[in-house]
Amino acid sequence: MKISDENEENIRNFCVDLVSKTFLELGQYRVKEEDIVRIALSLDEDLRLDFPTLELEDIRQAFRNGVRRTEEFLLTPKTYYKWIKTQRDLIWS
């Protein structure tokens, strides 16, 4: 199901879970809960505005690949945006 067709609460919960998991996978254990929520809300907005045709599984895969296959070790909007665009380009090609 495309992000544009997903329930708003479902996307928000997905973003919080994904951001939390990603911080752990990157070894960033001392992140404040409020920072997780802020980044998750930013991700939620970016997904709705810029990637509405992708699916949540595409986003999950983008983060998985980003953590494991890039040299990015900090989770920021700039970082995750690059990961998602890379995944989107793979899907489109």
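This report looks at the helices of a predicted model and the core between them.

## Ground rules

Because the model is predicted, local features need pLDDT of at least 70 and side-chain atom pairs count only at pLDDT 80 or more, while totals for chains, interfaces and linings use all residues. Residues are numbered from 1 along each chain as its sequence is written, and side-chain values use heavy atoms, with hydrogens and water left out.

## Helix H1

H1 has 18 residues. Helices here are DSSP runs of H or I with at least four residues, numbered from the N terminus. From first C-alpha to last, H1 reaches 26 Å, close to the 26 Å expected at 1.5 Å a residue. The expected span is 1.5 Å times one less than the number of residues.

Which residues of H1 are buried? They are Ile-11, Phe-14, Cys-15, Leu-18, Val-19, Thr-22 and Phe-23. Buried means under 20% relative accessible area, exposed over 50%, and partly exposed in between (1.4 Å probe, protein chains only). Seen down the axis, the buried residues of H1 fall within an arc of 155 degrees, so they line one face. That arc is taken from the directions from the helix axis to the C-beta atoms. An α-helix has 3.6 residues a turn, so residues three or four places apart point the same way. On the other side of H1, Glu-9, Asp-17 and Leu-24 are exposed.

Now the two ends. At the start of H1, a side-chain oxygen of Asn-7 comes to within 2.6 Å of the backbone nitrogen of Glu-9. Just after H1, Gly-27 has a positive phi of about 80 degrees.

## Helix H4

H4 covers residues 77-92. Its buried residues are Thr-79, Tyr-80, Trp-83, Ile-84, Gln-87 and Arg-88. Their cover includes H1 (8-25), H2 (33-50) and H3 (56-69).

## The core

The largest nonpolar core has 24 residues. Such a core is a set of buried Ala, Val, Leu, Ile, Met, Phe, Trp, Tyr and Cys residues joined through side-chain atoms within 4.5 Å. Leu-43, Leu-47, Ile-59, Phe-63 and Ile-84 touch the most other members. H1, H2, H3 and H4 each supply at least two residues of this core. The largest share, six residues, comes from H1.

Take Ile-84. Leaving aside neighbours within four places in sequence, its contacts (heavy atoms within 4.5 Å) include Leu-43, Leu-47, Ile-59 and Phe-63.

## A buried aspartate

Asp-44 lies in H2. Its relative accessible area is 4%, so Asp-44 is buried. Beyond its neighbours within four places in sequence, Asp-44 is in contact with Ile-11, Arg-12 and Cys-15.

Key
A polar contact is a pair of N or O atoms within 3.5 Å; within protein, one must be able to donate a hydrogen and the other to accept it, and residues adjacent in sequence count only if both atoms are side-chain atoms.
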